[in-house]
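Subject: Structure handover

Hello,

Please find the structure below. My notes on what was found in it follow.

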Amino acid sequence: MRNRITLSAALAVIACLGGLAVTENQAQPAPLSLEPLKGGVYWVKGGSGANAGVIIGRKEVIVIDAKMTEDSARAMLAEIQKLTPNPLKYVLLTHSDGDHVNGLSAFPKGTAIIAHANTRKDMEEAFKDPKLGALQPYLPTETVTGERWLKIDGVRVDLLCFGPAHTSGDLVVYLPGQKIAFVGDLAFTGRDPLIHRRKGGTSFGLVQYLKKILALDADTFISGHSDPLTKGDIQGLLTSIEERQAKVKALIQQGKSLDEIKAAFGLTEAPGQPARRWPSLIEVIHQELTQNR
Ligand SMILES: [Zn+2]
């Protein structure tokens, strides 16, 4: 079981890193379940890809993120149907990575999908890949760039876009009545934040975003890749990024090379070891401080 979970989690990370083109043949994902939070709100644990969310109102349902595969998204829809006969009103997307959107093809064609305008652009680009052709009818039908709120059966749902961070199309789904925020990949625990520079992400933007998330009147934060987080977890993440940004900046001012800076963070690669698959947060910070974007 541990191996299955680990493999599934690893595939989700690869999906996040690689953008949208993901195929998953080998690994059995962990069983999918709907974990109750409060007031008809659930987080979706297990299955292939990132955690998702479900809001069950008296008459309608909202889903937040769409899992990584059609099979997992079908399993999620089946779990929802065990709890309610209510029809789906919206799918809300926190960003464009494949482990959050590639399961969309399990949803009925014509489903209303809301995302940041830049997430739609990323998806248009990615869905040109013939392997993802089945996803072409599932581009966001409505886009957001600032802040907007919806109501489902009287439940207020705020869609908050605070600028580029993990990607340039991040969207937080905040439920003020339940004090819950679905934050996608803006916050993890247990590993460094991921910044997709090629999707317009930025570590300095992430710091600003996390400050706005901390200012929300919420006590539960659902992340794409960890168990529910507290405000203390978000604050700890924010502090750790700011500390690393300050240290990289100071080392650059001292004239240190990137290799020396990486060594100062213990990031030296042993000779003969394969290179990391993606740049570390330290390299991302260094790029942001030394390159004009
Ligand atoms: Zn992601």
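In which hand of crossing, left-handed or right-handed, does α6 pass α8? The crossing is right-handed; a crossing counts as right-handed if the near helix is turned clockwise from the far one by less than a right angle, and left-handed if anticlockwise.

Before the rest, some ground rules. The model is predicted, so local features need pLDDT of at least 70 and side-chain atom pairs count only at pLDDT 80 or more, while totals for chains, interfaces and linings use all residues. Residues are numbered from 1 along each chain as its sequence is written, and side-chain values use heavy atoms, with hydrogens and water left out.

Overall

The protein has eight helices and 12 strands; these are DSSP runs numbered from the N terminus, helices being H or I of at least four residues and strands E of at least two. Of its 293 residues, 54% count as buried (buried is under 20% relative accessible area, exposed over 50%, partly exposed in between, with a 1.4 Å probe and protein chains only). Among contacts with a separation of 6 or more, 64% join residues 24 or more positions apart (contact means heavy atoms within 4.5 Å).

Helix packing

Two packed helices are described by the angle between their axes and the distance between the axes. Helix α6 (residues 231-253) packs on helix α8 (residues 281-290) at an angle of about 55°, and their axes are 10 Å apart. (Axes are lines fitted to C-alpha atoms, for helices over the stretch in contact, and angles run from 0 to 180 degrees between N-to-C directions.) That angle makes α6 oblique to α8; under 35 degrees counts as roughly parallel, over 145 as roughly antiparallel, 65 to 115 as roughly perpendicular and the rest as oblique. On the α6 side, the contact is made by Ile241, Arg244, Gln245, Val248, Lys249 and Ile252. On the α8 side, Leu281, Ile282, Ile285, His286, Leu289 and Thr290 make the contact. By class, this contact of α6 with α8 has seven nonpolar, three polar and two charged residues. (Ala, Val, Leu, Ile, Met, Phe, Trp, Tyr, Cys and Pro count as nonpolar, Asp, Glu, Lys and Arg as charged, and the others, Gly among them, as polar.)

Helix α8 is mostly covered, with seven of its 10 residues buried. The buried residues of α8 include Glu283, His286 and Glu288. The cover over the buried residues of α8 includes α5, α6 and α7 (258-264).

The axes of α5 and α6 come within 10 Å and cross at roughly 150°, so α5 and α6 are roughly antiparallel to each other. This crossing is left-handed. Residues of α5 in the contact include Phe204, Leu210 and Ile213, which meet a set in α6 that includes Ile234, Leu238 and Ile241. The contact of α5 with α6 divides into 10 nonpolar, three polar and three charged residues.

Nonpolar cores

In soluble globular proteins, nonpolar side chains tend to be buried together. A nonpolar core here is a set of buried Ala, Val, Leu, Ile, Met, Phe, Trp, Tyr and Cys residues joined through side-chain atoms within 4.5 Å. The largest one has 31 residues, of which Val172, Val183, Leu186, Leu210, Ile213, Phe221 and Ile234 touch the most other members. Elements that each supply at least two residues of this core are β10 (172-175), β11 (180-184), α5 (203-214), α6 and α8. Not counting residues up to four places away in sequence, Ile213 touches Val172, Val183, Leu186, Phe221 and Ile234. Apart from this core lies another, of 29 residues, among them Ile56, Ala115, Phe127 and Leu139.

Individual residues

- Thr119 lies in helix α4 (residues 117-126) and counts as buried, at 0% relative accessibility. Leaving out residues up to four places away in sequence, Thr119 touches His95, Ser96 and Gly169.
- Asp65 has a phi near 70°, a positive value in a residue other than glycine. Asp65 lies in the loop between β4 (61-64) and α2 (70-83) and is buried, at 3% relative accessibility.
- Lys179 also is not a glycine and has a positive phi, of about 60°. Lys179 lies in the loop between β10 and β11 and is partly exposed, with a relative accessible area of 31%.
- Arg58 is in the loop between β3 (52-56) and β4 and counts as exposed, at 68% relative accessibility. Beyond its neighbours within four places in sequence, Arg58 is in contact with Asn86 and Asp153.

Regards
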